[in-house]
Amino acid sequence: MIETVSAATHQSVSIQQRGIQVIALALFCWLAQQFTAKLNWPIPGSLVGLLLLWFLLNRRMLPATWVEHGANDLLQHLMLFFVPAMLALVNRPDLFSMLGVKLLIVVFISTLAVMCGTACVVEIGFRLRND
């Protein structure tokens, strides 16, 4: 009984910590977008925020435990972020024409590029971690 109550308390605290971390990550992204918009940079703010977050984590200025659980939760629910895009596609039958084929090719190529880039970054990260 005590273990059940203790586990439930730990899980609720963990959920709160994860929520705070997700909010902190969203706030970090929003601040980076505001920063790039203010300076009129042609680079997306989310990319600047990602690079800044990587820099802070790499230099150990920001402990990884402060964002680790929130980032894991976002990755676990990543597919949910694509649902609105798929619903918009279903509501636009003109996208199933030649324009849709062109868009599909671009999406396929860009997805491959993102997957290759992610794989390279993960591989470099593991190699740096083991050195």
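Leaving aside neighbours within four places in sequence, Gln 21 is in contact (heavy atoms within 4.5 Å) with Thr 65, Trp 66, Val 67, Glu 68, His 69 and Gly 70. The model is predicted, so local features need pLDDT of at least 70 and side-chain atom pairs pLDDT of 80 or more, while totals for chains, interfaces and linings use all residues. Residues are numbered from 1 along each chain, and side-chain values use heavy atoms, without hydrogens and water.

**Gln 21 and its helix**
- Gln 21 belongs to helix α1, residues 2–39; helices are DSSP runs of H or I with at least four residues, numbered from the N terminus.

**Transmembrane regions**
- An unreviewed UniProt entry places the feature "transmembrane region" at residues 20–37, 43–62, 74–91 and 103–126; such annotations may be inferred rather than shown by experiment.
- Residues 20–37 are 100% helix and 0% strand (strands are DSSP runs of E with at least two residues), with end C-alpha atoms 25 Å apart.
- Residues 74–91 are 61% helix and 0% strand, and their end C-alpha atoms are 27 Å apart.

**Second largest pocket**
- A pocket is an open set of points on a 1 Å grid over the protein atoms alone, where a 1.4 Å probe fits, with protein on both sides within 12 Å along at least five of seven lines; lining residues have an atom within 4 Å of a point.
- Residues lining the second largest pocket include Leu 89, Phe 96 and Val 107.
- Helix α5 gives the most to this lining, with 5 residues.
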